[in-house]
Amino acid sequence: LLGEEVAQYDGAYKISRGLWKKYGDKRVIDTPISEMGFTGIAVGAAMVWLRPVCEFMTFNFSMQAIDQVINSAAKTCYMSAGSIAVPIVFRGPNGASAGVAAQHSQCFAAWYGHCPGLKVVSPWSSEDAKGLLKASIRDDNPVVMLENELLYGVPFEMSEQAQSKDFVVPIGKAKIERQGTHVTLVSHSRPVGHCLEAAVVLAKEGVECEVINLRTIRPMDIETVEASVVKTNHLVTVEGGWPQFGVGAEICARIMEGSAFNYLDAPAVRVTGADVPMPYAKILEDNCIPQVKDIIFAVKKTLNI
Amino acid sequence: ASRVMVASRNYADFASEATFELKKCDLHRLEEGPSTTAVMTREEGLHYYKTMQTIRRMELKSDQLYKQKIIRGFCHLYDGQEACCVGLEVAIKPTDHVITAYRAHGFTYARGVPVREILAELTGRKGGCAKGKGGSMHMYTKNFYGGNGIVGAQVPLGAGIALACKYFGKNEICLTLYGDGAANQGQIFETYNMAALWKLPCIFICENNRYGMGTSVERAAASTDYYKRGDFIPGLRVDGMDVLCVREATKFAAEHCRAGKGPILMELQTYRYHGHSMSDPGISYRTREEIQEVRSKSDPITLLKDRMVNNNLASIEELKEIDVAVRKEIEEAAQFATTDPEPPLEELGNHIYFNEPPFEVRGPNQWIRYKSVS
């Protein structure tokens, strides 16, 4: 594991607490503030099968190193016709936090999800986080794992099975968190929780939402979404990132192209972050992220109730 | 090893080896430098000669094929710089690692890829070393990581390979090359810092051919002492036109790294006869006279030839025979490269991922799908 503050500080968000103490300097490496440099170093080490995990303190800083992620990591297997693999994981918090303002709040799901050669995962629950991280490290390809700072402090129940040593969550498979019949809510990361909250409120009004947790942005499990839309005939996508060219836009495009289109009783609807750089003042920030009320509103609009 | 047809003289007529005086290297933060004398055996000389000549003729053939539009896109030729890649290769082990930028054909050959596979990759055929999917700038082989198109990006990669070498503890090192143009990239300085901090077994090598595309070093760098740019990293400036100088310097640098002293920097002063790439005639920012002067006074192959003949390590006829053999090999390789078929369309979707079950990849519209196997 390498990155800023991952070793002696126990991780900027304490995610790597205890690891340096247990594994030492050889395996847990504090880097200087040199994203482009240390990301390239991590990618080079991956080419020789060291299987590094490269942490970005937030994905906003990955922009400085994005050339190494895309051009050096994602494309190399293809360019070399399979002779050089890059088994690496890039991970860190992504998207909006609380009061960190414009330069520290961007969601990169769409940017990384755009690129062939990468896998992109986005955990919501503890089970997702553990299972996807293990699967990502074991994967022989470059994986971008988009965590969420606000979720770091949220506890989730974990089954016995999920707590077992070799538990993995397969990359490329979505999970239906809640069964429903009237509308399909598709989301990833923190907004999955908002969808479930919205589903509870809507259930009192007799609307049963099916909530799908994508878990993986690329390769996207559109089949699970399609099967759900065939059942519910209504689709609402929910994400924290900006609307233009976002995850929701991709889902809508694929639904249109696929078998589920003919089962839609209304156009698919997207709930996203507001199309502005993130402001600081709480009242402004709160209105820039998709809230439970926004999801409920979108569901009622699409169901025409 | 190469089998060489010997002319009418006997082996006994030649010396088995000779000793040569080398130009002293400029040193930075080093008390002593590489040896200023080098011993070269007859076998070594013949090997260096054949290898450099093969690279020379391969690059000239690429020039020809490019002008015939059989090679397309980018093509950055290495003729003039042969002593660098050959001198480096013979000073390290096959288990050591090498990474460079886009002017990579010479290294690709030196690291073991046959000429026919290099030329076929340039012509985009299925017999190319990357099955036609990489092209000029993306050729790889065992312990050779390309072939990298983004200027300077290969430098952190090389340090990462060195980090893995240190981790695995097999006494391997990584040669990380870049040009005088790339030397001003910020990520290289980030890499110097981390390589020195963590004592990575990395030899940073700046191939200074005096021009970054059309910009001379004087116009690009506040300090053109590239061997000093590593600041806290010891450095040496080497005559990159002399294959023995490069060899000795590399041996010195390799020893430094293997002894656990951390990274070291070598600046190889060299020259490219061609322009930056095939779209650059190479004479708008430098004079024909300058190019001609280097060719007549410092050509690496001529330098080696003269040394060998003057020291009775080989005869002119013998070297001419090698030239003939090399030309033949290049012709056959070019023949292969121009007749081998292009990769099948099915190849389009392959190798997106490594070690992955087959899946489908989208083509230009939703109905066109390609299978992707890894």
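A: Begin with one pair: Asp128(A) and Arg215(A) form a salt bridge through their side chains, with N and O 2.6 Å apart. The term requires a side-chain nitrogen of Lys or Arg within 4 Å of a carboxyl oxygen of Asp or Glu. The model is predicted, so local features need pLDDT of at least 70 and side-chain atom pairs pLDDT 80 or more, while totals for chains, interfaces and linings use all residues. Side-chain values use heavy atoms, without hydrogens and water, residues are numbered from 1 along each chain as its sequence is written, and chains are lettered from A and ligands numbered from 1 in the order in which they are written.

Q: Which domains does the assignment give for chain A?

A: Domain bounds come from an automatic or database domain assignment. Here domain 1 spans 2–163 and domain 2 spans 175–303 of chain A. Their centres, taken over C-alpha atoms, are 26 Å apart. Domain 1 of chain A brings 29 residues to the contact and domain 2 of chain A brings 25, where contact means heavy atoms within 4.5 Å.

Q: What area is buried between domain 1 and domain 2 of chain A?

A: The size of an interface is often expressed as the accessible area lost when the parts come together. That loss (1.4 Å probe) is summed over both parts. Between domain 1 and domain 2 of chain A it is about 2000 Å², and carbon and sulfur atoms give 59% of this. Gly99(A), Ser122(A) and Trp124(A) account for 26% of the area that domain 1 of chain A buries against domain 2 of chain A, more than any other three residues.

Q: How many salt bridges cross the interface of domain 1 and domain 2 of chain A?

A: The rule finds three salt bridges across that interface of chain A.

Q: What are the contact and the buried area between chain B and chain A?

A: The contact takes 37 residues from chain B and 44 from chain A. The two chains bury about 3600 Å² between them, with 67% on carbon and sulfur atoms. Tyr167(B), Tyr353(B) and Phe354(B) lose the most area in chain B to chain A, together 21% of what that side buries.

Q: How many salt bridges join chain B and chain A?

A: Two are found across the interface of chain B and chain A. Lys119(A) forms a salt bridge with Glu356(B), their closest N and O atoms being 2.6 Å apart.
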